[in-house]
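Visitor: I would like to learn how to read sheets and cores in a model. Could you take me through one?

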Amino acid sequence: PGMARQGSGAMLASGGLGFPPQNLARVVVWEWLNEHGRWRPYSATVCHHIENVLKEDARGSVVLGQVDVQLAPYIIDLQSMHQFRQDTGTMRPVRRNFYDPSSAPGKGIVWEWENDNNSWTPYDMDICITIQNAYEKQHPWLDLSSLGFCYLIYFSSMSQMNRQTQRKRRLRRRMDLAYPLTMGSIPKSQSWPVGTSTGTPCSCPQCLLVNSTRAASNAILASQRRKLYPGAVRQSSTFAGGALWPAGTGTAAVAGGTAKGEGLRVPNGVFAPGQSVPAGAPLPGLNNLNQPGTQRGAGLGTRATVPPGVPALPVKNLNGTGPVHPALAGMTGILMCAAGLPVCLTRAPKPILHPPPVSKSDIKPVPGVNGICRKTKKKHLKKSKTPEDVVRRYIQKVKNPPDEDCTICMERLVTSSGYEGVLSHRGIKPELVGKLGKCGHMYHLLCLLAMYNNGNKDGSLQCPTCKAIYGEKTGTQPPGKMEFHLIPHSLPGYTDSKTIRIVYDIPTGIQGPEHPNPGKKFTARGFPRHCYLPDNEKGRKVLKLLIVAWDRRLIFTIGTSNTTGESDTVVWNEIHHKTEFGSNLTGHGYPDPNYLDNVLAELLAQGVSEANLKD
């Protein structure tokens, strides 16, 4: 109730061809596929640049650093429809998408949210368009759950709120360059001429690298084609698209850029020497401008065997000390793989996730902490307090409110709540105003009631302005077990201390009434999860507060995984943990001198502080 309906017409289907419908003007947005499986838009400036190159040479390469210095390492290969990062060899699919000229990209409107680094991140384009549609229709708020995101957008306070955690982030609407416009009746890429550029070719290092590598790749592929496809029709295949999604995590061709590779795997779609191929068989990945390339290479083959004498390509040796330039190594590795040639990659360092084996006799209780295990059962919702009772408990009525905005509905406090007509409760008139006891911030009572009803309904209230918590905030963590003990090993950066190991274990189950989809099954991936703290005074304090947070069901919640994109699964709930024992390659390990202070601040934001330890 009260949710704004989703804006219609968010995305226009392009029929999978990469071309707009005939004789229709459409806005062109180029997008790349990130590691979470979501298509992220390039800026309007970059899209204009790509379109200009596309007009000259439909099978050419686009050097993104020519228009955006921050994108200096990146090149888009229009033939294979992939973005290539020169210094790491990372490949990502790109696509050419179309939207209505009257939508946000056609008007140059960008919606962005504030990230943890206090910089601004643009929303995915379909979400941006949906937000703009709701904004234009003057909806007070917008629910993004139908697009797969558990967020609410409040236009009044220009904020985004996580429905599970109640965490708010700022958002903003920014005017930028409009995205390029194109008309229908564009010929298919197979019939596009390979453009002949006029004037002097660009002599920047990136273009020289691309051009020299292209020449080398064409020679490699032509030679390989003569050996493998004696009866095949001659076709262009700069990059074989099927070879760009290896099933392993080889660093030369990793989608997602994690660079944690062991070795390169050769997909079944690339024929190995000695296999018979039908005469005239099409080569994999041809003319991929027409195929955005959303496949992730499901069912790819086993790791290729590397015969003696195959040169190693030190793709990750980025300091210039290796025998091969890292960009050339990355490009060459990809091209050799595409041509069916064996390639051996140097291995990136692996994270040290776990300590050396520990015997049961070496595991000890943590000094000063009672017990070694906490269990939580199914949540029982408190039925004693109605939402009106909770709101009235923490506020004092204001007879003569000041002429200021209510930051929930953005109407003046001297007028009725913006939720009048949307939400009605007996005994709470839309013009009533209350002041929160501790912080003194004032809101319409009806607005506080709407905010409470949209949350966890646990008897607590959180001021949307200063985040002060009234009552005891609890979460929606499903049932599970938390164990904690001491092991006789030291963390990097804490060589004089033993280590506290925490083990969380949550089984799969059925969602309760407080979860996103009550009655539906939820998954629990990666359990038991092992986390580590140094055994010093501050580390033990963090452990005690984590136990309080666990008892209040604040450590985990059910939502959508940022890592896999899976919904209805157990995810961390904004209290960061260190899951990497002996290194910090993932950012979730040690040494990290600021971690203990940071996690204490995160616990405080959830209402868990040292005051709770004295209770």
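Visitor: In what order do the 6 strands of the open sheet lie?

Guide: First, the ground rules. This is a predicted model: local features need pLDDT of at least 70, side-chain atom pairs count only at pLDDT 80 or more, and totals for chains, interfaces and linings use all residues. Residues are numbered from 1 along each chain as its sequence is written, and side-chain values use heavy atoms, without hydrogens or water. Strands (DSSP E runs, at least two residues) and helices (H or I, at least four) are numbered from the N terminus. Two strands pair if DSSP finds at least two bridges between them. Here the order is β8-β7-β12-β11-β10-β9, with antiparallel pairing. β8 (120–122) and β9 (141–143) are the edges; each has a single partner strand, so one side of each lacks a neighbour in the sheet.

Visitor: How many bridges join β7 to β8?

Guide: β7 (residues 109–114) is joined to β8 by 3 bridges. Trp113 has Thr121 in β8 as its bridge partner.

Visitor: Which residues touch the most other members of the largest nonpolar core?

Guide: In soluble globular proteins, nonpolar side chains tend to be buried together. A nonpolar core is a set of buried Ala, Val, Leu, Ile, Met, Phe, Trp, Tyr and Cys residues joined through side-chain atoms within 4.5 Å. Buried means under 20% relative accessible area (1.4 Å probe, protein chains only). In this core of 40 residues, they are Met482, Ile502, Tyr504, Leu533, Leu543 and Leu546. Helix α8 supplies the largest share, 8 residues.

Visitor: Where is Ile109?

Guide: Ile109 belongs to a second, separate core of 38 residues, which also includes Leu64, Ile76 and Leu171.

Conventions: Buried means under 20% relative accessible area, exposed over 50%, partly exposed in between (1.4 Å probe, protein chains only).
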